[in-house]
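Here is a short note for someone opening this structure for the first time. Please keep the model in view while reading the points below.

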Amino acid sequence: MRIEAGAVVAGRYEVERELGRGGMGAVFVARDRKFGTRVALKVAAASGAAHEEFRARFEREARLGHRLGRTRGFVRALDWGELDDGVQLYLAMDLVSDARPLDLASGDLAARLGRLLEAAELVAEAHRQGIVHRDLKPANFLQTAAGELHLTDFGLAKALAHDGADATAPDDAEPTGALTRSGAGMGTPAYMAPEQFDDVASADPRADVYALGVMLFEALTGERPYPGADFRSIYMRQLAVLEGRSPAPRPRDRRPDTAPALDDLCARALAVDRAVRLADGAAFATALRAALP
């Protein structure tokens, strides 16, 4: 099914315009005919042998988005399903009007860090609720014209288990258990911790801390710690640091006037050895708050 303006998805969502497009599908502004409200409608597809795993991942994204959406600051999943073609899936979410990605470039340093702190507090709340995002980046924090932030896109998120029990309630449980295969690397390379390149299934809250560290580096320097955009080049640079063949990137090497407390925090968040990294979003947010100029 080709999705164009005027198309009605699942007999309910009337498409108005496209918001954005990626490798697997697109997001549209649509009107929910049932309630007369506008929603963000994600439509994606995977065919062949990958379809069942993709469908289970889509369901997990919807369930985790619905669960976190009960808390202010998270984009709520409203509905999801499969189209009659047996290939495409749809996910209806709250529409964050006139939103743009988290701005880590404009304003003075205090303003940039203030926005990052708000983002980190959302991550801390997700971790408190037992959810690791695993694909944090500025584009997944929607910033409104009024400056409010909303965290979205739980396509790679997972629910943590505590003391041998699933962190989710039965109706929120992952539909098929561990959907991300061991040994598979997934995410956005520039924001991925080394362990995500090796095995995204093993990633815990410290992987999200690493992504926050990349964003802190950007807010402080206007650059990313590791140049490049592809999986291999970034991972090889991280590996060189892990093996002691290259120094770890630090903001003060790019901006010598970086405050020591912020430079140290960034280094701890970006530690390639996750045993050295800050434990979770709450620890990062607390440290950032203490280091604010």
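This is a predicted model: local features need pLDDT of at least 70, side-chain atom pairs count only at pLDDT 80 or more; totals for chains, interfaces and linings use all residues.

1. Strand β3 covers residues 25-32 and strand β4 covers residues 37-45. The two run antiparallel, and eight bridges join them. To find one end of the pairing, look at Asp32: its bridge partner in β4 is Thr37.

2. Now look at the turn. Four residues lie between the strands of the β3 and β4 hairpin. Which residue there takes a positive phi? It is Gly36, with a value near 75 degrees.

3. Strand β4 has another partner. It pairs with strand β6, residues 88-94, again in the antiparallel sense. Seven bridges make up this pairing.

4. The largest nonpolar core holds 54 residues. Phe141, Met215, Leu216, Phe284 and Leu288 have the most contacts inside it. Several elements give two or more residues to this core, among them the helices α1 (51-68), α2 (109-128) and α5 (231-242). Strand β10 (149-151) is also on that list, as are α7 (260-269) and α8 (281-291). Which element gives the largest share? That is α4, with eleven residues.

5. Step back to the whole protein. It contains eight helices and 13 strands. How many of the contacts with a separation of 6 or more join residues 24 or more positions apart? The share is 59%.

6. Last, overall dimensions. The C-alpha trace spans about 55 × 40 × 35 Å along its principal axes. The radius of gyration is 19 Å, which agrees with a compact globule, because such a globule of 293 residues would have a value near 19 Å. Of those residues, 51% count as buried. The accessible surface comes to about 13,300 Å², and carbon and sulfur atoms account for 50% of that area.

Conventions: Residues are numbered from 1 along each chain as its sequence is written. Side-chain values use heavy atoms; hydrogens and water are left out. Two strands pair if DSSP finds at least two bridges between them. A nonpolar core is a set of buried Ala, Val, Leu, Ile, Met, Phe, Trp, Tyr and Cys residues joined through side-chain atoms within 4.5 Å. Buried means under 20% relative accessible area, exposed over 50%, partly exposed in between (1.4 Å probe, protein chains only). The radius of gyration is taken over C-alpha atoms; the globule rule is 2.2 Å times the number of residues to the power 0.38. Contact means heavy atoms within 4.5 Å. Accessible areas come from the Shrake-Rupley method with a 1.4 Å probe; for residues, only the protein chains shown count as cover.
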